[in-house]
Every structure is written in structure tokens, then in C-alpha cells.
Amino acid sequence: MLVGNGARPGPERADAGAALRRAFPDRKFVVVSNREPYEHTWDDADIVVQRPAGGLVAALDPLMQAVGGVWIAWGSGDADREVVDERQRVRVPPESPSYTLRRLWLDHQDIQHYYHGYANQFLWPLCHLRPKLTRIRNRYWDRYAAVNRRFAEAVLEEVEGEPAAVWFQAYHLALAPAVGRERRPDIALAHFWHIPFPPLELFRIASNGAELLRGLLANDLLGFHLPLFCDNFLRCVESVLNVPVDWERRAVVQEGHTCFVRALPISIDVEAYEKAASGPDVEARVERLRRRYVAEGGLLGIGVDRIDYSKGLEEKFAALDSMWDTYPEMRERFTYLQVGTPSRTGIKAYDWLRERLEEITHWINDRYGTATWRPIHLLEESLPMHRLAPLYRAADVCIVSSLQDGMNLVAKEFVACQLDNRGVLVLSRFAGAAEELDGALEVNPYDCESFGATIREALLMSEDERIERLNRLRRSLRTIFDWMVEVFDEWGAAAHQHDAPLTAADRWQRTR
Ligand code: ADQ
């Protein structure tokens, strides 16, 4: 049950587990991702367990706890090797072990070329429409292919002799499904891509594009956030592989195997955010936060992003500059707090962006700041949920300025935490969330003057309009469990009825 707050009731964790069991009653369930759900690290002479931040891990871990199975991921903690058995496995969570974490080891070259290289300096900029930032290097591709093979080998070891359903996550693992399919055609395979898929004109930059597409087509179900990304993928298949696409069913049939391509927009654990934003302690914290950043009667804006060029942070700061410049009455009245987690450090485009943001922050603060007021606070930290939720609740406006974004979970987290009906969401039209959430003020982050004017409009909005918009936002907010139920229903249908006529789910999907 959701805590309330006008959000529509939706499925719960148990429903997601039930949907998985309905789809695959007798199969071993395996999740494969680059990041691991638990990391063991040294703290002086002790080994401690950390849970890396991130929406997906936070959502899939409870599901795995409920249904059991194996999660295969890169063992990235410096004490990870100390706790695994001879098959590189450890039972998690440590306090009540309920599923197996199988770790895969990456050496320095793997991390440089597979992870920082092909995944983050080729696929990421390509999929976020930034061709100039792509780096094409043979060594990146070679390692990407080799590490994908190793992930697939690990899957095959884990499911040896057993029927299985294997779910790959994200763009790090495009090739692994094909290796799995070739060796074990009976396994049910699905993949969720998590980021946009580029249009054909850009995808043609990928020298190994055909292999990427073939890798992904080995799945029974391939999920993207938006129908646009499905269409982009299917056009690439048609053109690059010269394989016919069944546009009616959004499917590709090859040698008797069908890959269904579906738009399955992800969400958050709404109830968990509502809870983290509730209670007397949180109320006191919200008051303290407001006192710290804004004067009596002042207004607080926030943004929460990884420091990544796809998030449009420079554009957001340009819009804030334009707003304080054009509307001087907003100076000293409105303060902006940007929480930005440093991300992918060591990659030039990321290090450079971080420096630029610090520079722009100083520049704006010098230009408009006074002895008692600092316009922008840039907090380069990763905050746990119990600190993020009160911040969302304390803000009068949350600004999401993505230049390209598969979905954007921050927009949804902000809506879930609006227990005081205080906040207005300013949301880039280029975030996938803008397709789904109804009630945000939409902006074009490239148009800094109108973006700045919209921030002001959000801050001066009447209470009636604010509440009306928040109610619409809550009604359009689905939970991560809606997403899982949809994924498992679609996947079950895909795996069991490759060439069957349209299912009810197919028909429903096509009306979206
Ligand atoms: P990301 O690009 O990482 O995810 P996003 O969807 O916004 O983007 O998720 C970020 C997550 O990290 C959120 O849960 C947020 O709370 C958290 N986070 C960000 N900055 C933080 C900070 N400073 N401190 C603490 N937490 C912070 C990719 C895609 C998205 C897609 C998701 C899920 O790029 O488009 O929505 O995967 O599919």
C-alpha cells in the first residue's frame, strides 16, 4: 500500500515476485549487471559491506530477496575477494542471506577499456546524441567483447543443467545475450537498456554496430524506456542488418527465434521515498534545511544529478544566470542547491565538466552574491536516501535539465516526496520522464532565457495551480513494481509464444 498523498495505488513487491513466478514457474532466475548490489570494502582492519547507491540496485535487491536466484556482477569492492567461496560466490544480504551474488573480476585493462572505454566513452555519448564525444578504439571494443563473453560464461556456469530466465541490465552487456543464446538456446533471455537508443543516422558511427544489434536480438524481450527508442533500434536492425522487422508486433524474427522490443518505462519505489520523507524527524530536518539555505520567506530550488554532460548542468546554470539577470527581484529571494555526485572521474569530458561547473558557480556567486546571500550552492556529494528525501521535501522547485535522458528518476523521487504540497517540478522535454509525468513545467534546456523565465514562473506559481499540478503528477507516477510486473508479463509472453498471434499485452502495448 502506498502511504497516501494522492498517488494511485499500484502493485507491490510481492506482485512483482508473483509476476516473475507466473512467467517462469520452474526456472532459476539470474540478474546480470555491471554494478553489484553489495560491495565488501576494507575499513582499517575490518571488512564492511556497502550498498552502492542507484535506483536499479535498490529496486532489484528486494525482488531478489523475495524470489531468490543469482545476481552476477563485477566484484568492485577492495575486499570482495576475501568473502567469496571458490566459485566466486557469496550469499547476500549479509544480515539475512537469501540469494547468491556471483562476482566477476575485472583487471585494470578491463576497467579502462570495457568500462571507461567502450561503455562510457563510446556507447554512452553515442546513445546520448553526442557523436563528438565518442572515442573509437580497437582495444575498447576488444575488451568489451571479451568481458561480455566472460559475463556470459558466468551465466552458463550458474545455470548449468537447469532451466533459467536471465535478465541483463544496461548498455555494458550488449553482446552477452548472443553468447548465452548460442550455447543454451532454451534459456529465457531479456535485456533492459536503461538509456536512449540513437537514431540510425548516429548509430552508423558504430563500427561494430551489426554485432551490437545481433547481441541484443538474441533476447526474447528487449526493453527501452520509450517507444521512440524501440523504433530507433528497429530501424537500425532493418538498415544495418538488412533483416525484416515485424512493425505490427514490434518484433524481429530470425531463424525461428523472435525478439520482442517493448517500451517499458522504469519508475521508483514510491512508497520507500514517501516513507523516507515522512515523520517528525524529517519535518525538523526540512525546517533546518530551509533555514540553512534561505532567509525567512525565501525560496529554495534543488537539483540532484550525477555530474554528467547528458544532464544539462551548464545549461541549467545558464538559465539561473539569465533569471537573476532579467529579474533582479529574484536575487536574495531564491537560492539554488545543486547536489552533484562526481561521476566517471578520470574521463576527460567528466573532469572538464566538473571544473566548468565549479567555475560557473563561482562566477554567478561573484556576480549576484551579497555579504549575506550565496545564489548557488554546489554540493559535490552522493547523499543517501534518508538525506535526499528531506531535501526534495524542502524544495520549492526541483530542476531537471537533461539534454538527453532515458527516463530520469530524480523527477519521480521529487514528486514522491511532496508531502507538504510545496514543490513545482521543472522538467526538460528531453528527459524520458517528460513523456510520462503530467503536471511538470516543461522546458527546453537549450533556450536559456525561456528556461530562466520558467524557473521564475514555477517559483511564483499560485498555491491552487501548484496543488493541481502536483495532483496530476502523483496520478501519473507509477511504481517500480508496476514496471517489474509489466516486464515479467511481457517477457513470459515473449518467451513462451515466439510466433503466436498478438497477445492482449501486445495490443495494449501498441495503444501506448
Ligand atoms: P542515471 O543517468 O544515473 O540513470 P537517473 O535516472 O536520474 O540517472 O538516476 C540517478 C539516481 O542516482 C537517482 O536515484 C538519484 O537519486 C541518484 N543520485 C543522483 N545524484 C545523486 C546524489 N548526488 N546523491 C545521491 N543520489 C544521487 C540511468 C539513465 C536514466 C534512467 C536510469 C534508470 O541515464 O535515464 O532513468 O538509468 O533506468
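These legends walk through several views of one predicted model. Residues are numbered from 1 along each chain as its sequence is written, and side-chain values use heavy atoms, with hydrogens and water left out. Because this is a predicted model, local features need pLDDT of at least 70 and side-chain atom pairs count only at pLDDT 80 or more, while totals for chains, interfaces and linings use all residues.

View 1. Helices (H or I, at least four residues) and strands (E, at least two) are DSSP runs, numbered from the N terminus. Along the principal axes, the C-alpha atoms fill a box of roughly 70 × 55 × 50 Å.

**View 2. Inside and contacts of the chain.** Of the 512 residues, 59% are buried; buried means under 20% relative accessible area, exposed over 50%, and partly exposed in between (1.4 Å probe, protein chains only). A contact means heavy atoms within 4.5 Å. Among contacts with a separation of 6 or more, 75% join residues 24 or more positions apart.

**View 3. Charged side chains.** Here you can look for 63 positive and 76 negative side chains. Lys and Arg count as positive and Asp and Glu as negative, with His and the chain ends not counted. The centres of the two sets lie 1 Å apart, with each charge placed at NZ of Lys, CZ of Arg, CG of Asp or CD of Glu.

View 4. A disulfide is a pair of cysteine sulfur atoms within 2.5 Å, and the count comes to zero. For Cys236, the closest cysteine sulfur is in Cys127, 9.5 Å away and too far for a bond. Cys236 is buried, at 0% relative accessibility. For Cys448, the closest cysteine sulfur is in Cys398, 20 Å away, again too far for a bond. Cys448 is partly exposed, with a relative accessible area of 29%.

**View 5. Thr134 in its loop.** Thr134 sits in the loop between helix H4 (108-127) and helix H5 (138-158). This residue is buried, with a relative accessible area of 15%. Leaving aside neighbours within four places in sequence, Thr134 is in contact with Gln121, Phe122, Pro125, Leu126 and Ile205. Arg250 is 116 residues from Thr134 along the chain, and their C-alpha atoms are separated by 29 Å.
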